[in-house]
Structure formats: C-alpha cells, structure tokens
Amino acid sequence: MNASVTLHAAATPTAPALTLRPWCAQDVAALVEVYRDPDLRRWASAPIESADDGLQWVRAQERGWATGARFGFAVVEEPLDAAPPRLVGNVVLKGAGTGRPSAEVGYWTAAQARGRGVAPRALGALTDWAFDAFQADGLEGLELLHQVDNLASCRVAEKSGFALDRILPSAPPAYPLDGHLHIRRLPR
C-alpha cells in the first residue's frame with residue numbers, strides 16, 4: 001500500500017475540514033505535546049514522553065505502511081483563518097489484507113479537539129477508505145474495541161455506525177477490564 005494516501009473529512013457548520021495523512025517526522029513535536037494529556041495517556045498503549053519516544057512511534061507507523069500491517073493517519077484540522085494546520089487526532093486501520101474478512105480500527109483525539117466531532121468524522125473517512133481499498137481483497141467488516149469504561153469511545157463507535165456486537169472478557173495486564181467489540185459491516 002502506498003504511504004501517500006491522503007483522506008479528507010469535509011467541514012461542518014461548526015467545525016473545520018480534516019485532512020488524514022500518514023504520520024511523518026515533522027509531527028513529533030505536536031505528538032509529544034498532545035500526549036501530555038493525562039486522559040489520552042490513560043487509554044494509550046504506548047507512552048510518548050519525549051521527542052525520541054515520538055520519533056520511535058512515528059517510525060513504527062511508517063513501518064506499518066511499508067509492510068501493510070497497519071495504516072496510521074495523523075488527523076490534522078484545516079484552519080478557517082491563516083493559522084497553520086494543527087494535529088487533532090489519530091486513526092488507524094490494522095490487519096487489513098488479502099483474504100482477511102475483517103480488520104480493526106482505532107483512534108484517539110487530542111484534548112483540545114474533543115467534543116467537536118473530530119473522531120467520528122475521521123473514523124468515517126477511514127472506514128470509507130478501508131472498504132474501498134480492501135473490499136476486493138475480501139474485507140467485509142471492521143472491528144472497533146475499547147474498554148467498557150471508555151464511554152467516549154462507545155459514543156464515537158455508535159455515531160460512526162459501529163454496532164455493539166458483544167462484551168469481551170478482560171485480558172490483564174494489557175486489558176484489565178472487560179471490553180466492547182463494535183462491528184461495522186460493508187454496506188450491501
């Protein structure tokens with residue numbers, strides 16, 4: 001898969017347009033700043049505390065694109081004025097490939113962008129792209145997982161058309177609580 005894929009989510013009456021593009025080294029400073037948020041750190045699987053951590057994380061995203069194992073996108077808000085674009089989130093598609101009927105999606109939103117529809121809009125763009133790009137390879141559905149106490153992720157899943165499928169048992173230490181599995185099927 002080509003790492004030059006760029007996706008877009010149109011502006012709404014209350015929010016600017018979003019651009020979703022592969023992560024790059026120029027994103028490290030903004031990534032480290034976003035990860036200072038304790039709520040994001042609570043849900044994130046890998047802490048990012050320094051520029052070195054951020055660069056390692058970005059390089060892992062680049063390797064994901066190169067191998068086709070995961071497709072991570074920086075979500076950038078396009079300003080309405082002359083201000084520079086700013087990092088507001090991340091969306092990722094994991095495990096899509098030839099002959100696989102399902103893949104997993106994930107996301108996070110920067111603190112300053114929460115509650116403004118960034119995650120559902122970005123996830124919608126990613127979902128549309130995933131079905132378009134991988135349907136011919138057998139993709140039939142996308143899975144979204146989160147811990148049961150992550151109510152914001154549950155709302156994003158529901159707004160994005162991912163129906164609750166079942167509750168998954170905890171798997172400590174990585175997943176200390178039960179989880180929700182949401183699924184969105186390819187439209188027929």
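User: Let us begin with helix α5. What covers the buried residues of α5?

Analyst: The cover includes β5 (102–109), α4, β6 (141–147) and β8 (179–185). Please note that the model is predicted. The residues concerned, within α5 (residues 151–159), are Ser-153, Cys-154, Val-156 and Ala-157.

User: What puts these residues on the same side of α5?

Analyst: Their directions from the axis span an arc of only 160°, so they share one side of α5. On the other side of the helix, Leu-151, Glu-158 and Lys-159 are exposed. In general, an α-helix has 3.6 residues a turn, so positions three or four places apart point the same way.

User: Which residue follows α5, and what is its phi?

Analyst: Gly-161 follows α5, with a positive phi near 85°.

User: How many disulfides does the structure hold?

Analyst: The number is zero. A disulfide would need a pair of cysteine sulfur atoms within 2.5 Å.

User: What makes the rings of Trp-65 and Phe-73 an edge-to-face pair?

Analyst: Ten aromatic pairs are counted in the structure. For Trp-65 and Phe-73, the ring centres are 5.2 Å apart, within the 6.5 Å needed for a pair, and the planes meet at 80°, over the 60 degrees required, so the pair is edge-to-face. Both Trp-65 and Phe-73 are buried.

User: Why is the pair of Phe-71 and Trp-129 called edge-to-face, and what parts does it tie together?

Analyst: The ring centres of Phe-71 and Trp-129 are 5.7 Å apart and their planes stand at 80°, so this pair is edge-to-face. Phe-71 belongs to strand β3 (residues 70–77) and Trp-129 to helix α4 (residues 118–134), so the pair ties together parts 58 residues apart in sequence. Phe-71 and Trp-129 are both buried. Ring pairs also join Trp-65, Phe-71, Phe-73, Trp-129 and Phe-134 into a cluster.

User: How do you know that Thr-19 is buried, and what does its side chain contact?

Analyst: The relative accessible area of Thr-19 is 13%, under the 20% limit, so Thr-19 is buried. Thr-19 is placed in strand β2 (residues 18–22). Its side chain makes a polar contact with the side chain of Glu-78 at 2.8 Å, which falls within the 3.5 Å limit. Leaving aside residues up to four places away in sequence, Thr-19 touches Thr-6, Leu-7, His-8, Ala-74, Val-75, Val-76 and Glu-78.

User: What is the overall pattern of helices and strands, and why is the protein called as compact as a globular protein of its length?

Analyst: There are five helices and eight strands, in the order β-β-α-α-α-β-β-β-α-β-α-β-β along the sequence. The radius of gyration is 16 Å, close to the 16 Å given by the globule rule for 188 residues, so the protein is as compact as a globular protein of that length. The C-alpha trace spans about 40 × 35 × 35 Å along its principal axes, and buried residues make up 44% of the 188 residues. Of the contacts between residues at least 6 apart in sequence, 59% join residues at least 24 apart.

Note on methods:
Residues numbered from 1 in each chain as written. Predicted model: local features only at pLDDT ≥ 70, side-chain atom pairs only at ≥ 80, totals over all residues. Heavy atoms only, no water. Helix = DSSP H or I, 4+ residues; strand = E, 2+ residues; numbered from the N terminus. Buried < 20%, exposed > 50% of the residue type's maximum accessible area, 1.4 Å probe, protein only. Polar contact = N/O pair within 3.5 Å; in protein donor to acceptor, adjacent residues only side chain to side chain. Contact = heavy atoms within 4.5 Å. Phe/Tyr/Trp six-rings, centres within 6.5 Å; stacked < 30°, edge-to-face > 60°. Arc of directions from axis to C-beta. Rg over C-alpha atoms; globule rule 2.2 N^0.38 Å.
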